[in-house]
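Here's a quick briefing on what holds this fold together. Have a look at the model first, then read on.

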Amino acid sequence: MSESLPVAGREQVRRAAVRLVRQDLRGFLTTLVLNALAAGAALVSPWLLGRIVDHVRAGQPVDALAACIVAAALARLLLSRWAELAGTRFSERVQERVRGQFLDRVLALPYATVEHVRTGDLAARGTADVALVGRTLRDAAPAVLVSSLQALFLVAAVFLVNPLLGACGLAGMAGMVLASRWYLRRARAAYLEEGAARSALAEQLAANAAGARTIEALGLQERRAAGAAQAVEHSRRTQHRTLFLRNVLFPAVDVSQVLPVVLVLLLGGLLLSGGQVSLGAVVSCALYLLQLSQPLETILIWMEQLQSSGAAFARVEGVAVRSPATVGARLPQDDRIVVRDAHYAYDGDDVVAGVDLTVRPGEHLAIVGPSGAGKTTLGKLLAGIDRPRLGTVTVGSVPVADLPPDVLREQVVLVTQEQHLFLGSIRDNLLLADPAADDARLDKALATVGADWVESLDAQAGPLEGARLQQLALARVVLADPHTVILDEATALLDPGTARRAEQALAAVLEGRTVIAIAHRLHTARDADRVAVMDAGRLVEVGTHDELVTAGGVYERLWTSWEGGQSQSRRLKTK
């Protein structure tokens, strides 16, 4: 049952952006001041040029004014480059924080969320969305900041030269304001929909790639191809929607950039003929408005990037909604695991229904039952990977699924047939279980599981064959040091010789711990302190092996069937 991660609201995104700025306030203020100075320097040349026009008409010298124009241009160039350098450094630091926070939040997600969230959704947020936010912080944000300051100063300068001409210029920009408001009202929802469609497409492609052999074996190629085509079509439609919004915005902007200059020249000509304004003032205002077109064009070009980046930032920040608040979290009082009236369903009827079970500290409990009885699902509930639909699963009176990952790792660890080898060294793979462990602890953990093949902790971890990979996983269990280990046929996929070596390592890991073994092969149940029997999602019997064999119930039938199969297998081997 897959689900999508939430999307952060506008207020949450705003707070996140303010928090990022506050974390590097000095860099932000430096960038702001330098850009303001560069924008101020850009105002000098048009004003001086207007003065030169008036001086020429009056027959006055202009050498000093021309020198000032050159100095102002040089100052603007130097300040702009300095501001660009400061802005790039600031944005790179912020980008690093965004990536780090996202990774920390993903690693802090509850196991239940990671288990059920759509893989494509999480992958798209961690790659395309984070990269888009990073590019925006590096490129768009400084450009928009610079252009906004320039536009503000230029508009103010026009009003200072002549308020009437300034008002005329602003009136010519009305079309751009209306088009921008129309665009902004629709853009966020459109870009969020585009991001969701991109995630759905990534999910389809990832699922098809991962299950290619199964799809081919079951003849599902056409069905899966049709599903992928549908996802591609939906993604295409959402991209066309955002493209339509841009196609409305940009032509309106192009017209609005030319119109203010035309209106100022027309009105300026009328005022000039009436002696109400000087030619230099008209020239200065026209030049200011011509300069205004460049920052406004920059802002509007980046507006599309800012909207898509804002939607991406909302998706990145949405991971924080699911990340648990570890401050003040309740800690288990003891090691006792208690299941009370637990129900769980994937889609439809409950696969675990009304289970009551208490696991005593230090005991070895086997969970058995026919195929589809709900054994593995109950194991996931006990490990905190899934949360019961009804009822509770607690360790030390605290719901297992509510424990932060670092606390849960110290309480309960699930060991399955499938283990993952992470990129990096042996040391990197082991430190995942206990980042504070020193080399002596790492070596001791490897020795505990019999991993004498490790020559150096700094050696690359992979690729490894089954037994060695399982030993590395068990060494991580030793480092995590949980009081309870849940085994779901951890050696079932290994060949007999490899399985024996892995089971020897497993025995060393389990010493002194509570063990819950999900047993598909009943010799595991025979050696357990107690056996819990599942049937059709319900816990039907609990007792020792001998008690249940003599009780004549479900376990007795399973044991008889398994013993008969083993006897037949031995006879075939003898022949």
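The structure holds 18 salt bridges, counted when a side-chain nitrogen of Lys or Arg is within 4 Å of a carboxyl oxygen of Asp or Glu. Bear in mind that this is a predicted model, where local features need pLDDT of at least 70, side-chain atom pairs count only at pLDDT 80 or more, and totals for chains, interfaces and linings use all residues. Residues are numbered from 1 along each chain as its sequence is written, and side-chain values use heavy atoms, with hydrogens and water left out.

**Salt bridges**
- R105 pairs with E317, with the closest N and O atoms 3.0 Å apart.
- R105 lies in helix α3 (residues 63-108) and E317 in helix α10 (residues 279-322), so this pair ties together parts 212 residues apart in sequence; helices here are DSSP runs of H or I, at least four residues, and strands are runs of E, at least two, numbered from the N terminus.
- Both R105 and E317 are buried (under 20% relative accessible area, 1.4 Å probe, protein chains only).
- R315 bridges to D129, and their closest N and O atoms are 2.6 Å apart.
- Both R315 and D129 are buried too.

**Sheet**
- Six strands make an open sheet in the order β6-β7-β8-β3-β9-β10, with mixed pairing; two strands pair if DSSP finds at least two bridges between them.
- β6 (412-416) and β10 (538-543) stand at the edges with a single partner strand each, so one side of each has no neighbour in the sheet.
- Strand β9 (residues 530-535) runs antiparallel to β10, joined by five bridges.
- A532 stands opposite V542 in β10.

Conventions: Buried < 20%, exposed > 50% of the residue type's maximum accessible area, 1.4 Å probe, protein only.
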